[in-house]
2 protein chains.
Amino acid sequence: MKPPASIRLKPDQPETGKSPGLRNRPRKVAESIKDWITDQNLVPGDRLPQEQELIKTFAVSKGTAREALKVLETQGLIQTRTGPGGGAFITEMPASRARALLANHFFFKNLTISDIYELRQALEPEMAANLAIQLGDQEIATLEKTMVVYDHPPKTIEEEQQQRIAELEFHERLAEFSTNPLQGFICGFLISLLKDLAVCRRIYTRPNPELRERGLSYQAQLIEAFREKDANAAQSIMRAHMASAKRLMEVQEAIVNRGFLPG
Amino acid sequence: MKPPASIRLKPDQPETGKSPGLRNRPRKVAESIKDWITDQNLVPGDRLPQEQELIKTFAVSKGTAREALKVLETQGLIQTRTGPGGGAFITEMPASRARALLANHFFFKNLTISDIYELRQALEPEMAANLAIQLGDQEIATLEKTMVVYDHPPKTIEEEQQQRIAELEFHERLAEFSTNPLQGFICGFLISLLKDLAVCRRIYTRPNPELRERGLSYQAQLIEAFREKDANAAQSIMRAHMASAKRLMEVQEAIVNRGFLPG
DNA sequence: AGATATTTGTTCGTATGTATT
DNA sequence: TAATACATACGAACAAATATC
């Protein structure tokens, strides 16, 4: 259990230079602890020194040390446990937290449906091709289990919305299966945006039978291509799927944005 | 100055449920403040209530309130200023911080050159096509200014390395020019990985004339396509550029990983 | 330019909650 | 169950930064 980190932990802000001495100490302490982590080649599961020891080592007060640890915890680098043998433990940042942090960056950016689908269109076909030669029966079964949620017309508006989420989760599963961590994370992030974006939430509350039927058809074809391990087929099916979904969603976005909607 | 956020600020961890009462209060306070921000439709530049007021409002101690603010600061949501009229101000998270936070997630994931270039190959050609019909003379001039750093063979190892970085910065500029915030950010993030990844740093210290010459040629063609606003040409040039760079870098990665290297 | 008021930043002592043994 | 070790929380006092007069 040694393989050290492949990326250097970099400071969050490139050292503004104009903090004369004592300002923002917790942040600096946090950076020092990061350096210490890399120096010691610590891996997830390892424990940091205890609070008192950190206080002595870095010559700061308890409050400052705690704030520094809070920084690292927020960054997803450590988790703390109470009790004997407790303390701060190196941890791998779960994708969910990484997504949440990243979403903050786009909070005021006013993303559009088109922005998101442009990337899905660029990424998911390739991902589908990769998955075709890789997925086993069990994974394919998981995908099919997700599909049963929307393999029939919705009876209520609530079911309509649940089906939309389930359709997205089909693609979320695909992302989880990706062996390229970057590809998997980014595709998953795009899905999470589609789940959270205010525009999307509004769109999902409106009936849209075409989106469901087409999606279902494409996904069924996709499963078939996965079964036959046909990468080319999977790629072109996904390409068509994304192009179709993009078009339909953009129409909905335009309608919703023009306020042709109750509420 | 009203347009409210388009994405809901979501809690970082999906509420484990097993924290009975007093545990992890700062995090909960931070979440409450987030809710308050969304409720009030605050935009970057707006000020949060002062420390003392937060302490009263949320009925916590100063230390806890400060830790909560630290969380929000780490998430890039606020910045604080001292002095009269000071306090915590809503702020837009700079891309640099978002990149740093995201990089933490991949810290223990052992990304490979191939992982990164698979995505560049999928994203940058499309981006180039978009930019072709959008870039003005001034932006193109900026790109050309970056290129002069590596338009000649390097004389020293240090220059070699500087040239590699400059080549990457050419693409970083492209990402900055993108009008799709997602596309721009992700392409920029991939570049930043290539700058920081330990494998890459090692690769860049070795002479590699082919990489430079080919890159230079492709980028010159790209500039030409931008000038003529030829989206198709830009796209296919970038596709070829990425394919070529991917191949060359993978070869280098294999060599470096086998330890055929001094040091 | 300098004094002052305001607000965040830091420290310390103490008390409490919580998990392990 | 009790003891213990540790994180967590509180409040008061002090230090530093900065805007305003």
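Student: Hi! How many helices and strands does chain A have?

Tutor: Hello! In this predicted model, chain A has 11 helices and two strands. Going along the sequence, the pattern reads α-α-α-β-β-α-α-α-α-α-α-α-α.

Student: And what share of chain A counts as buried?

Tutor: Of its 263 residues, 51% count as buried. There is a contact figure for chain A too: take the contacts between residues at least 6 apart in sequence, and 71% of them join residues at least 24 apart.

Student: Nice. Can we pick one helix? What span does α3 of chain A have?

Tutor: Helix α3 of chain A covers residues 62-74, which is 13 residues. From first C-alpha to last it reaches 18 Å, close to the 18 Å expected at 1.5 Å a residue.

Student: How many residues of α3(A) are buried?

Tutor: The count is 10 of the 13, so α3(A) is largely enclosed by the rest of the structure. Among them are T64(A), A65(A), E67(A), A68(A) and L69(A). The run from K70(A) through V71(A), L72(A) and E73(A) to T74(A) is buried as well.

Student: What follows α3(A)?

Tutor: G76(A) does, and its phi is positive, near 80°.

Student: Let's switch to the interface. What area is buried between chain B and chain A?

Tutor: About 6600 Å², with carbon and sulfur atoms giving 61% of that. The contact takes 68 residues from chain B and 70 residues from chain A.

Student: Why quote an area for an interface?

Tutor: The size of an interface is often given as the accessible area lost when the parts come together.

Student: Got it. How many salt bridges does the rule find across the interface of chain B and chain A?

Tutor: It finds six. It also finds 15 residue pairs in polar contact across the interface, with both residues at pLDDT 80 or more.

Student: Which helices of chain B supply residues to the side that touches chain A?

Tutor: Helices α1 (25-39), α3 (62-74), α4 (95-105), α5 (113-132), α8 (181-196) and α9 (198-204) of chain B each supply at least two residues. By class, that side of chain B has 36 nonpolar, 14 polar and 18 charged residues.

Student: Which residue forms a salt bridge with E67(A)?

Tutor: R66(B) does, with the closest N and O atoms 3.0 Å apart.

Student: Are E250(A) and K246(A) buried or partly exposed?

Tutor: E250(A) is partly exposed at 25% relative accessibility, whereas K246(A) is buried at 19%. The cut-off for buried is under 20%.

Student: Which residue does R164(B) form a salt bridge with?

Tutor: Its partner is E167(B), and the closest N and O atoms are 3.7 Å apart. They sit three residues apart in helix α7 (residues 157-177) of chain B, about one helical turn. R164(B) is buried at 4% relative accessible area, and E167(B) is buried at 9%. As for networks, salt bridges that share partners join E67(A), E51(B), K62(B) and R66(B) into one.

Student: Last one: where is H171(B) found?

Tutor: In helix α7 of chain B. H171(B) is buried, with a relative accessible area of 3%. A polar contact of 2.9 Å joins its side chain to that of E124(B). Leaving out residues up to four places away in sequence, H171(B) touches residues including R120(B), I191(B), Q219(B) and H241(B).

Key:
Residues are numbered from 1 along each chain as its sequence is written. Chains are lettered from A and ligands numbered from 1 in the order in which they are written. Side-chain values use heavy atoms; hydrogens and water are left out. Helices (H or I, at least four residues) and strands (E, at least two) are DSSP runs, numbered from the N terminus. The expected span of a helix is 1.5 Å times one less than its number of residues. Buried means under 20% relative accessible area, exposed over 50%, partly exposed in between (1.4 Å probe, protein chains only). Contact means heavy atoms within 4.5 Å. Buried area is the accessible area (1.4 Å probe) that two parts lose on being put together, summed over both. A salt bridge is a side-chain nitrogen of Lys or Arg within 4 Å of a carboxyl oxygen of Asp or Glu. A polar contact is a pair of N or O atoms within 3.5 Å; within protein, one must be able to donate a hydrogen and the other to accept it, and residues adjacent in sequence count only if both atoms are side-chain atoms. Ala, Val, Leu, Ile, Met, Phe, Trp, Tyr, Cys and Pro count as nonpolar, Asp, Glu, Lys and Arg as charged, and the others, Gly among them, as polar.
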